[in-house]
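Please look first at the sequence and at the fold as a whole. The explanation after them is meant to be read with the structure in view.

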Amino acid sequence: MLLQIQDGSLSIGGQSILSHFSFEIKGNEKIALVGRNGSGKTTLLRLLAGELSLDRNDQNPSARIITSRKLTIGLLRQQAFSDVSVTVEEELLKACPCPDKWDRERFAWEQEYDRIFTGFGLKKEDKKKPLSRFSGGEQTKIALIRLLLEQPDILLLDEPTNHLDMSTVEWLEGYLKSYPHAAVIVSHDRFFLDQTADTVYEIQSRRLFCYAGNYTAYRKQKHKNLLLAEKACKHQREERERLERLIERFKRKPKKAAFTRAKRKMLERMPAIEKPVEDDAHIFTGEIMPEIVSSKWVLEAEHLQIGYGETLLELTLRIRRGQKIGIIGPNGAGKSTFLKTAAGLIPPLKGKCTLGLHVMTGYFDQQTASLSSDKTVAEHFRSLFPTLTEKEVRSILGAFLFPGREASKKVSQLSGGERSRLALAELFQSRPNLLLLDEPTNHMDIPAKETLESAFQAYSGTLLFVSHDRYFIRQVAESLLIFDEQSVLYYPFGYTHYLEHCRKYASKRDIPARIRAEQQALISGLQNVPKAERHQLKEPSTELAYKEWQMRLAAEPLEQIQKKLEDFLDSHDLQRDWEEASYREDLRSREEELYGEYTDCCLAWYEKWMEFH
């Protein structure tokens, strides 16, 4: 135990922030601090940094902060430097523990200095520049570098990923994982928290709740706790009503006086169970069906050249009904241009881009979300869908986080994130079978993002979207289109799988499962040809027979592990076993082991396929 807060309370300006809370930091633990905006996350960081003190309460002398020893604590501040006339190197050398330039410890420190400095995307020559030459965001980045060089026992980071590009964020994730001391992190980047945190503290209703695991584990456990609390609350309410009915029934019967007194005492002694605080996000559980079913092939592009006057890239691909594909890649690679071309908003420069039969598209970007109206949210929505009843309108809007008073706000008064959410609610209600989305979660808070994630997961149509939110991509995308260096690559697995294999292979282009979109289209076309039509005009060559034999050998383990996995899932009700008290860890381990083997076999098949193509 490094630091512990026992039964503390914290107020600022007479306003209570946290009441009777406990908090603990152990060893090199990495803690994520989450909660609504304004709940007190930054205030708690300032308390840990020693800038604030716990409320003094003579009636509660046990409230205190305990440390195991004298600790060094570093807090990342937004106003990082008081003197911006000094050079970057002069400022960072203040963190050096050894003034002797020729000391071995100094040499090791300077190596770490160079590693961190370049890891943040800065050039070595930037060290000689004065701090005044850097923007506010760049100065915050330099302040973070200095803090990491100081290596405090407890590192306090408030939104450390602000002003960092994707590659730098990924570098920081890896650095924090191996950081030898403890860290407490506040961030809206859920993927960053998932990669770095092993404990989560949530501030809710002036109380602090602790959850083991990363951000995803916290969300699952919180949802499970909410269901259990709702069940317990409902059970107690039914029990109280039953006892009250018995008391009312027998209270006027003298022979039942003792019975009535016992039930009344039972009712009085029953501890009150508070109604659980509802989750900010709405989780869609049922399936969201398109109005009509499209043909099997939803979108086909053949030698399609896209761009505005000048060709950005050329691609050939086929998208099958029901696929959920995330599009990733650097800015300017052509992701949004491809979506606009697929939606028919801009013409192709060359080649074909055709939609399948009965395909109804729904397109979203920040321009389509720029709604403007003096009507209320409910009135605006009702005018678009006049056949809906008032109850249905309120129910739909509530599911997209416009309950009660929120639905009575004027559209013109909504924030950018709220307008995007309203536009997406309209899109879902129109029920297209192909959704083309460009950055659908921009400017949204976490509850809104999680609401949309559950909606897209429940959607049974075809989904093609661009996003820079890595957590959103991981939750929604089942495969990826990777736009990179004037080419498009298809990856048939999800984002987590993609990242794992990016780390495994030195070059991202060496990943076996990544197939050029043209090859994916060719494979899809061959798979769509009926077997009776796959005739050959002559005997296959020895080389072709060898290839088929090799591919057959690669497919056999895949079929075997698939059969094992199906048998395992058929023989166990995993959902029931996990939710009951008799939860069995061995079932979870066995399922994860089988899924791991299945994935390995898929990749082995792709590696063999790549050898012959």
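The paragraphs below go from the whole chain to its sheets, then to a pair of helices and to single residues.

The model is a predicted one, in which local features need pLDDT of at least 70 and side-chain atom pairs count only at pLDDT 80 or more, while totals for chains, interfaces and linings use all residues. Residues are numbered from 1 along each chain as its sequence is written, and side-chain values use heavy atoms, with hydrogens and water left out.

The protein chain contains 19 helices and 19 strands. Both are DSSP runs numbered from the N terminus: helices are H or I with at least four residues, and strands are E with at least two. Of the 613 residues in the protein chain, 46% are buried. Buried means under 20% relative accessible area, exposed means over 50%, and partly exposed lies in between, with a 1.4 Å probe and protein chains only. Among the contacts in the protein chain with a separation of 6 or more, 68% are between residues 24 or more positions apart; a contact means heavy atoms within 4.5 Å.

Two strands pair if DSSP finds at least two bridges between them. Strand β1 (residues 3–12) is joined to β4 by four bridges, and the two run antiparallel. Within β4, T67 is the residue that stands opposite L3.

A second open sheet has six strands in the order β5-β6-β7-β3-β8-β9, and its pairing is mixed. Its edge strands are β5 (73–75) and β9, each pairing on one side only. From one strand to the next, the twist averages 20°. Five bridges join β6 to strand β7 (residues 182–186), and these two strands run parallel. L157 stands opposite I185 in β7. Helix α4 (residues 136–150) packs on the sheet and touches β5 and β6, and its direction makes about 165° with that of β6.

Further along the sheet, strand β8 (residues 199–204) and strand β9 (residues 207–212) run antiparallel and are joined by six bridges. Y211 in β9 is the bridge partner of V200. The two strands form a hairpin with two residues between them, and S205 in the turn has a positive phi of about 55°.

The next topic is a pair of helices. Two packed helices are described by the angle between their axes and the distance between the axes. Helix α12 (residues 416–430) and helix α13 (residues 446–458) pack at an angle of about 15°, with their axes 12 Å apart. α12 and α13 are therefore roughly parallel to each other; angles under 35 degrees count as roughly parallel, over 145 as roughly antiparallel, 65 to 115 as roughly perpendicular and the rest as oblique. In this contact, R421, L424 and F428 in α12 meet A448, L452, A455 and F456 in α13. The contact residues of α12 with α13 divide into six nonpolar, no polar and one charged. Here Ala, Val, Leu, Ile, Met, Phe, Trp, Tyr, Cys and Pro count as nonpolar, Asp, Glu, Lys and Arg as charged, and the others, Gly among them, as polar.

Apart from neighbours within four places in sequence, E453 is in contact with R190, Y471, F472, Q475 and V476.

Most residues other than glycine have a negative phi. E159, in the loop between β6 (154–158) and α5 (166–177), is not a glycine, yet its phi is positive, near 50°. With a relative accessible area of 14%, E159 is buried. L401 is found in the loop between α11 (390–399) and α12. Although L401 is not a glycine, its phi is positive at about 65°. L401 is buried, with a relative accessible area of 16%.

Terms used: Axes fitted to C-alpha atoms, helices over the stretch in contact; angles between N-to-C directions.
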